[in-house]
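Subject: Handing over a structure, with notes

Dear colleague,

I am passing this structure on to you, and I would be grateful if you could look through it with the notes below at hand.

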Amino acid sequence: MTIKSNSLFSSYENAMNNNSLNPTFELREVNSQRIPFQNGIPYPSFEPQDRLIFSLEGKWKKKRFKADHDWTMLKRDKKWIQSTQLDFNGVARADYDDSSWGSHNIPLPENNLTGKEQTHAAETYEDGVWYRKKVFLETEWENKVVTLKCLGLSYIGDFWINGQYVGYHEGGYTPFAFDVTEYLRVGDNTFAIRVDNPPWKTRYDTIPAVDNDFFNYTGIIQDIYLEGTTGFQVVRADVVPENINGKVKISVVIENRTSQAQHVFLKNQLFETDFLSNKWLEQPEAKSICANKAACHGLYEINLDLLPNETRVVKFNVHVYNPKLWSIRKPHLYVLGVSLETKGKLIDTFFTQFGIRTISTKKAQILLNEVPVFLAGVARHEEWPEFGRTASWDRIKIDFQLINNLHVNMVRTAHYPNHIYTFILLDRLGLTAMSEIPLWQFETKHYEIQEKRKISYQMWREMIFSNYNRPSIMMWSTQNESKDVKLRKKYNETLVNEVRNNYNDHRLITQSAAADQPGFEDESIEPLDVAGWTMYFGIFHGSTPYEGTRNFIEKAHQKWPDKPILNTEYGIWSNADGSNLEKQVDIYQKVQLALLEKATVSPEGLMNVHGYVAGMDYWTAFDWYVNHNQFYQTMGLCHMDRKTKKPLFYEFVKDHKRLMEKTNGMATKFPITMEARE
């Protein structure tokens, strides 16, 4: 199949005529609560658990092909499934001859990577690839209910097991899952996965869609594995702290994914943790950081009769006595442990880490645990020159130990949701985060299509529900630098209303608008908690870095006096030849000066009643690859190797150490104003 020349037109026409791929994510009402479902099963937690696991990492057979992207984006029906297999001569069958195929290690981008910091160091491959793997399951998998979990595949993946079609997923940055019980058997199994990654800028209906300032990797990017249970399992447990006095709401989602009714005994435990423990950063499992049992009220044991194929929600209003609050660099965490028993036999356990903390706004202030906080942060692209976006616990940990030493208190996780380990580590380091879906520089047609296709809403929900319990995440961001204001406002209103009315986690909702599109009067700000803008005055738009930034934030505050202002990006590239290194320092100093003059909290921890800038975020910690491969982006404090530091690195550390060393950006409990001090 070949790429059609009219893909832009076809993508718009098919989407507007409801002939595009449907989302696989929905909200269903269970026990008077809206619960996420995907592919017919409740959307699971992706925190690692102590269960039967079969990792699908390692060597797979692979064959690249020229994909018809219009075909890929069509609705899935029997004709599509049969034609797709036949087009590749029955590729999903167990007896298909793939001996002439190449091989590829998974997870890892399909793009060839040289590990160098230069143009074309990462191969631009935006097309199709088939992967096949034979898997042998031992007898321990007999009579197990099995979930296939994948933490990231780009961009659309279609799955077959033993010649049978399982399903598909669209979107390269969020986790997804299938029930694959009926397709597997003890012994030999054949997996076939078709991946298509349409080139950005050739279509209106993908997210991202335009030629972005980050790299479009193809393939199975993140971990993929099978998880086996008896079929009676704790799918997820959603925890929402209500106040700083220890009031916590917990919703435990239990599933009977069998045809048999079952009586089960649900037990719950709450554990304290010790962030000074030597084991604190050793592994991601929440169970690994459990210490003493925590004293609480309201977390009781319960008997349940589960009907065949029933999903049940059990709610608890818990009071944790003398709560230890999660805060910046004081990451007190709790672990909820849930177990299911039947006839005195343990059949499932589930552990999740969470923190007790509150987030709110008060006029122009952002409050953490009811105390004003100034967020001085840095952005990070989750990308390494040798591995692309393929993450691991150790790689992420090294990154954030470096970022922790920058003396920041916030991390913007680029333009897309990061690996779930990223946020588990931010929880444990006591750094706050802003997470965003990759809706990047949308124009009118992009918004029109998404209101038909709804794939952006799926990505939004996957981002939130895959990281629901992470205390480090203070803000969800709806988009970056999009242009159509009218449709963007409607889109923001829809997301805010959905969160508040269906799965309110009490986090703040913001966006990263461009300061010049259309400007401080941007009406799409109205539904949001925090007014966020990228500010590149004197670089991408008019005036100068200091005066332009200062004038913009003054007018923005006049327009939105009751909203905190967040600078989501500032900085400039240093150039590959290093010719802009000193200018990088100069731009940084001037923009930061303008922002700090109106900071809501001073470096001494004093609350400025006339301040309205609640945070700033330098773009970025490390250099990264850009999609079009004409250059690599050099806006980082460090090179991609994480070792070679630029002059700005030292200036940045000096300034942020001064900003953070006394207060971590938080006002004193009973702050005096800067005016009172004077």
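Predicted model: local features only at pLDDT ≥ 70, side-chain atom pairs only at ≥ 80, totals over all residues.

Residues are numbered from 1 along each chain as its sequence is written, and side-chain values use heavy atoms, with hydrogens and water left out.

Helices

Helix α8, which covers residues 485-502, has 18 residues and reaches 25 Å from its first C-alpha to its last, close to the 26 Å expected at 1.5 Å a residue; the expected span is 1.5 Å times one less than the number of residues. The buried residues of α8 are R488, Y491, N492, L495, V496, E498 and V499. Seen down the axis of α8, these buried residues fall within an arc of 160°, so they line one face of the helix; the arc is that of the directions from the helix axis to the C-beta atoms. On the other side of α8, K486 and N501 are exposed. Here buried means under 20% relative accessible area and exposed over 50%, with partly exposed in between, for a 1.4 Å probe and protein chains only.

The buried residues of α8 pack against β1 (25-30), α6 (444-453), α7 (455-465), β32 (473-480) and β33 (508-514), where contact means heavy atoms within 4.5 Å. At the start of α8, a side-chain oxygen of D484 reaches to within 3.2 Å of the backbone nitrogen of K486. As for α7, one of the elements that α8 packs against, eleven of its eleven residues are buried, including W460, R461 and E462.

Strands and sheets

Two strands are said to pair if DSSP finds at least two bridges between them.

Another open sheet has four strands in the order β4-β15-β8-β12, and the pairing is antiparallel. Here β4 (52-55) and β12 (176-179) are the edge strands, each pairing on one side only. Strand β8 (residues 145-150) is joined to β12 by four bridges, and the bridge partner of L148 in β12 is F178.

Strand β17 (residues 247-256) is mostly covered, with eight of its ten residues buried. Nine bridges join β17 to β16 (residues 232-241), and the two run antiparallel; V239 stands opposite I250 in β17. The hairpin of β16 and β17 has five residues between the strands, and G246 takes a positive phi near 100° there. Nine bridges also join β17 to the antiparallel strand β21 (residues 311-320), in which V314 is the bridge partner of V252.

Loop residues

The loop between α3 (78-87) and β6 (102-106) holds S100, and D98 is found in that loop as well. At 66% relative accessibility S100 counts as exposed, whereas D98, at 15%, counts as buried. S100 and K62 are 38 residues apart in sequence and 9.5 Å apart in space, C-alpha to C-alpha. Leaving aside its neighbours within four places in sequence, D98 is in contact with K61 and R132.

N212 lies in the loop between β13 (187-196) and β14 (219-220), and at 0% relative accessibility N212 counts as buried. Apart from neighbours within four places in sequence, N212 is in contact with W200, W440, N627 and H628. N212 and L299 are 87 residues apart in sequence and 47 Å apart in space, C-alpha to C-alpha.

With best wishes

Notes
Polar contact = N/O pair within 3.5 Å; in protein donor to acceptor, adjacent residues only side chain to side chain.
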